[in-house]
Amino acid sequence: MKILVCVTSVPDTTTKIAFTDNNTKLNKAGVTFITGPYDDYALARAVELKEKTGASITVLNVGEADSEPVIRKCLAIGADDAIRVNAEPTDAYFVAEQIAAIAQKTNYDLILMGRESIDYNGGQVHGIVGEMLDIPSISPVMQLDLDGDTAKITREIEGGKESLEAKLPLVLGCQEPIAEWKIPNMRGIMTARTKPLTVVEPTGTDKLTTVASYELPAPRGAVKMIPADQAETLIQLLHTEAKII
Amino acid sequence: MSVLIFAELDEGKIKKSSQEAIFYGAKVAEMTGTSATAIIVGAADDSELSSAGRFGATKVLHAADAKLTEPNGMAYATVVAAAAQQEGSKVIVLAKSSLADAMTARLAGKLKAGLAANVIELPDLSNGFRVKSSIYTGKAFAYNDLKADVKILAIKKNTITPEEKDASAPVEAFTPALSEGDFVISVKSTEKSSGDILLPEADLVVSAGRGLKGPENWGIVEDLAKALHAATACSKPVSDLDWRPHSEHVGQTGLKISPNLYIACGISGAIQHLAGVNSSKVIVVINKDPEAPFFKSADYGIVGDVFDVIPRLTKAVKAL
C-alpha cells in the first residue's frame, strides 16, 4: 500500500493578513507557517492506515524552500519520505500538474490531501489531479475505511452526508473528523532529520491564472449597540434600517 | 461562443445560487457580446427549465439521462464539458456548492481551464480577463488574471443581485456520450435533513455557540430561525462536541457563508470563526460578555443573556 499525502504550507489560522510591495505579495513578517489544517487530517489518516496495514507514506509539497519546516514536521508525524516541487503554488491546474507528474512515476493506491488550502481556498486540486490521472476523486471526505481494494467513504454534502464506495486508486480531499490530528513525538522529530527529502523542479504548463494584486476588506462601520431590555428594537432596525428582513 | 452556465437543481428546482449564476453569466455574455446558455442536468419539468430565461439565459440545454438523476461530479463534468464544446463556450459560470466543487475541478482538468474560485464581482475586461475573488478564508481578496483559452468562474453567494424579467428560454434536450468511467463511485446511502433551508443557500442565518450551554437548548435558536425563515448554523466547538452536525459548522475549517444576515448567539468570535462569516452583509452579535471580540466585527450588538434575548427576538419577528 503506497500513500501520497500532498500538503500545503500556509499562514497560521490566527494570522492577520497583510500585503506588501504595493499589494502584490503577502507580508510574511511575523507570520507563522503551518501545515494546512485540512492536510493535517489527511496525513493523520494516512499514518493511522500505515499503523494498521503497514503502508508507506510519501509527503509531497509544491512550494518554495521556506516550506521545508512544514515538510519536516510531516516526516516527524510519520511520513517515510518527502518530495518538494520547487515552485510557488499559485494556480490550481499548475499544482495539480506537478502532483500528477510525481504520481505517474509511482503507483500510489491513495493520494490524500486537504479539501482545500486555507490560503487560496480553491478546493480544486484533488479533482484536477483525479482527471489528469483518470482516477476517481472525492471531497470533502469525513471518513475513510479500506476493505481490500475498496474504499468506504463518507462525504459531506449540503445539509448532510453520503456514504460512497469506490475502488483504489483514488484521490481524496479530506476534512475533519477523518482522523485526530497528530503531534510529533521526540523520536519522530529526531528521525525526521535524516528521512529523505528530494527537491525536484516543476514540469509542464505555464500558470493559467496569476494574481495581479491583493486587497484587504474595507472595515465594517461602528457597531450599533442595543440595550438588552430593548432587544425588540433590533428586529425593527433589521426591518426598516438594514431592510433585510 | 456563448457563455455557459451550469445551473444546479435541488429536488427538481433551480437552486437560488444557480439563478444568481445564470444572471451573472448573462451579464458576462452582455459584456462580451455573446449569449448565455444554461446547462441543467437531472430531472426537472419544462416550465422550471425554461425559467432560466427569467435570469437572462437565452437557451437551456437539458441532460436528462436517467443515470444522471443522482448528483455525480464526474459524470456531470463530462456533460458540461460536452456542452461547452458544442456551444464553443470560452467562459463557464457556476455557483459554488458541494456538487459544483466536485464537478468544476474535473471540468477544469478536462478543458485545461483557468479557474477562479470564490469570485465576488463581475470580471474586468479592460485589460485581459480579471476577476476579484475571496482568499485567505474571507480575510482578503485577489485580483486574478485568467490566461487560459477557457475560463471557469465559480461564484460565491451574494456576488450579484439577480433581476428577473418576463422571459422564458427554449429548452433543448442534450444527450452527450457518457462512459462507464463516469460512474465508478457508487452512492450507498444519503443522509440529508429535508425540508430545512440549506445553510449555504440561506439568505438569513441564525448561529449559536457554546453560550447555549448544551444541545438541549437549541430549541430557542431553531424557533428564531423558523420565524425568520433562516437556516441554523453553529461554531466549531459546538460541532466538535457533537451538539450539532458538522454540516452546520461555519468558520475557517467549516462552511464559509455570505448571507444577508448572520445572527451570532453566544459565540465569542475567534478569528477562525469570523473567517467563515465575515462576508455576511449584516452581522448581529448577542453575547453576555461585553468584551467578546465579535462585537468589533458586528453591525448590531446586544450585550445580554441569550436565553432571555433570543425568545424576545422571536416574538418580535412574529409581530412584524
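Is G269(B) buried or exposed? The answer is in point 5; here are my notes, in order.

1. First, some housekeeping. This is a predicted model, where local features need pLDDT of at least 70 and side-chain atom pairs count only at pLDDT 80 or more, while totals for chains, interfaces and linings use all residues. Residues are numbered from 1 along each chain as its sequence is written, with chains lettered from A and ligands numbered from 1 in the order in which they are written.

2. Start with where the chains meet: 66 residues of chain A are in contact with 73 residues of chain B (contact is when C-beta atoms, placed from the backbone, lie within 7 Å). On the chain A side, the most comes from strand 11 (residues 160-167), with eight residues. Sorted by class, that side has 34 nonpolar, 19 polar and 13 charged residues (nonpolar is Ala, Val, Leu, Ile, Met, Phe, Trp, Tyr, Cys and Pro; charged is Asp, Glu, Lys and Arg; polar is the others, Gly among them).

3. For instance, G160(A) has K192(B) as its bridge partner. Strand 11 of chain A also pairs with strand 10 (residues 150-157) of chain A, antiparallel, over eight bridges, and there T154(A) stands opposite S163(A).

4. Zoom out and you get an open sheet of ten strands with mixed pairing, in the order 13(A)-7(A)-6(A)-1(A)-8(A)-12(A)-9(A)-10(A)-11(A)-12(B). Strand 13 (197-200) of chain A and strand 12 of chain B are at the edges; each has a single partner strand, so one side of each lacks a neighbour in the sheet.

5. Back to the opening question. G269(B) is buried, because it has 22 C-beta neighbours inside 10 Å (buried is 20 or more other C-beta atoms within 10 Å, exposed 12 or fewer, partly exposed in between, with C-beta atoms placed from the backbone). G269(B) lies in the loop between strand 15 and helix 7 of chain B, and touches residues including A264(B), V285(B) and F294(B).

6. G266(B) sits in the loop between strand 15 (261-265) and helix 7 (271-277) of chain B. G266(B) is buried too, with 26 other C-beta atoms within 10 Å; among the residues G266(B) touches are R210(B) and N287(B).

Technical notes. Two residues are in contact if their C-beta atoms, placed from the backbone, lie within 7 Å. Helices (H or I, at least four residues) and strands (E, at least two) are DSSP runs, numbered from the N terminus. Two strands pair if DSSP finds at least two bridges between them. Lists of a residue's contacts leave out its neighbours within four places in sequence.
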